[in-house]
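Some terms used for a structure rest on cut-offs.

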Amino acid sequence: MTIHLRHLVLILGDQLDEEASGLRDFDPKRDAIWMAEVDEESTHVTSSKQRTTVFLSAMRHFAARLKARDWSVIYTALDAQNNSGTLAGELDMAILKTQPEQLVMTAPGDWRVLQSLRAVARKHDLNLEIRDDTHFFSTVREFAEHAQGRKQLRLEYFYREMRHKTGILMDGKKPIGDQWNFDADNRGSFGKQGPGLIPPPSRFAPDAITQEVIALVNQRLAKHPGSAASFGWPVTREDALIALEEFIAHRLPNFGLYQDAMWEGELWLYHSHLSCALNLKLLNPREVVAAAENAFRTGHAPLQAVEGFVRQLLGWREYVRGIYWTQMPDYAERNEQDAQAPLPAFYWTGQTDMACLRDAIQQTLAHGYAHHIQRLMVTGLYALLLGVKPQEVHHWYLGVFVDAVEWVELPNTLGMSQFADGGMMASKPYIASGKYIDRMSNHCKGCRFNPALSTGASACPFTTLYWDYLHRHADMLAKNPRMLMQLKNLNRLSAEQLAEISAQAQAHRLQQ
Ligand SMILES: Cc1cc2nc3c(=O)[nH]c(=O)nc-3n(C[C@H](O)[C@H](O)[C@H](O)COP(=O)(O)OP(=O)(O)OC[C@H]3O[C@@H](n4cnc5c(N)ncnc54)[C@H](O)[C@@H]3O)c2cc1C
Ligand code: SF4
């Protein structure tokens, strides 16, 4: 039977909020909602079991919530008979069935998805109304205005504008504490004694819906990486709010100081683990930032912790989204350093004798999570120094993390971590030797390599590859004043030492 609708409202797996702009004027008598689980979203890059479970479970919980309001939801399950396997195919069928006057949606988070939905709308000669996503403090238009006429984009300037615009952590026109940025106070390590007792993370036992999804994922995507056995992510708004409350109460006060620290076997530390709930839109960054600011104003958390946290959300999260939508689609293809090596196979298993990489990769595959410094200065750094093709690195990051949606993952991977955009996103490549990892963690204590050595059987591959990277890219780096110190150190090495390092780096590459 064909129905005639006013609006067919499209809701994607990362748009799970009843307050979303796409649902603003929803009229249950004349409109319906369309949601679809399709293989394409787990296979266009290989999605880990944790990641697919998060999306499908959160979607099913959200659909149940909408149906409980007696709203009409056209929902295709992954294993439904005749599932076409693509968003475009499913939307095509839903349009034929419902004959809507127009399609409505909140702006999606993925350029590829936007193009494919637009193509379906065009095919049916239908208007696709795309509404601003209100789960951000700024619009892409505002970012484009900020970027216009600037030779270089830098987070700090954008962040200050956002602080002025929102009044967050402001005292009139001045930043609270007379300082915009407490980054220098955010680099503590745990010292020899380790992190001690850390408040436990918020984990949520899978309910019947999640258990059903895990069984489906294990059966249908059996060969996909990782495991869903430890699954405990919030997949409803209620659970996400509990996770927020627990973070603010127990971990925020120490978030700043230990933001960059790592410790073997300790994956949760003082981080919020809220990126997944934020990116699914179970939480709005406004409520998250307001809760953090309130913790400062009531004396519960120090300014350096709260500013450090606010900077991530009001600064970085908005900034990377602006970069993504103003630079796509060319951005995804950038490879300024012409890196061509394949991603080492151990990224999919964690089986390597480099202790820092083993820990970061194994926990990522087990939980779909690693904190920022593990992503940037362990898995990302190694790929950068090795010279892995940025698009291969991008596909790994997009596939394995529960919080991975392209608008946020791509600029972080390709720009910040791999410097493949030639410095549009970051002012210099984030490079370091094994000594940095040694300073920020205890990984090196249990590793067969020595972070102080760049050649010989015990040389740390990070250290060898670090000097080799500086040497290979010295001309490009010499144009960057922020790299002068590191290049000065490179120049202290003799020609013989450099030749040995190059040979060892090359031998290491061939083994991967
Ligand atoms: C190579 C690489 C890939 C990344 N891929 C993703 C991704 O797919 N999805 C994602 O959400 N983040 C990504 N990040 C950013 C960051 O690592 C994660 O947001 C963070 O680790 C999530 O854990 P958390 O919620 O405990 O964060 P916290 O450390 O508690 O930080 C608080 C919040 O700030 C936001 N945030 C922090 N850093 C960034 C950043 N650089 N960009 C955008 N938002 C930020 C997140 O929403 C996060 O929840 C990536 C970083 C790198 C270096
Ligand atoms: S020695 Fe090198 S490879 Fe081993 S844990 Fe330290 S940094 Fe990682």
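This is a predicted model: local features need pLDDT of at least 70, side-chain atom pairs count only at pLDDT 80 or more; totals for chains, interfaces and linings use all residues.

Residues are numbered from 1 along each chain as its sequence is written, and chains are lettered from A and ligands numbered from 1 in the order in which they are written.

Q: What makes the domains of the protein chain, and where do they run?
A: The bounds come from an automatic or database domain assignment. That assignment gives domain 1 (7-131), domain 2 (140-205 + 234-327) and domain 3 (345-511).

Q: How do you know that domain 2 and domain 3 are in contact?
A: Two residues are in contact if their C-beta atoms, placed from the backbone, lie within 7 Å. By that rule 23 residues of domain 2 are in contact with 26 residues of domain 3. The C-alpha centres of the two domains lie 25 Å apart.

Q: Which element gives the most to the side of domain 2 that touches domain 3?
A: Helix α11 does, with six residues; helices are DSSP runs of H or I with at least four residues, numbered from the N terminus.

Q: Which residues come nearest to ligand 2?
A: Of the 14 residues around ligand 2, these are Cys356, Gly434, Cys444, Cys447 and Cys460. A residue is near a molecule if its C-beta atom, placed from the backbone, lies within 6 Å of it. Helix α16 gives the most to this shell, with three residues.

How values were computed: Helices (H or I, at least four residues) and strands (E, at least two) are DSSP runs, numbered from the N terminus.
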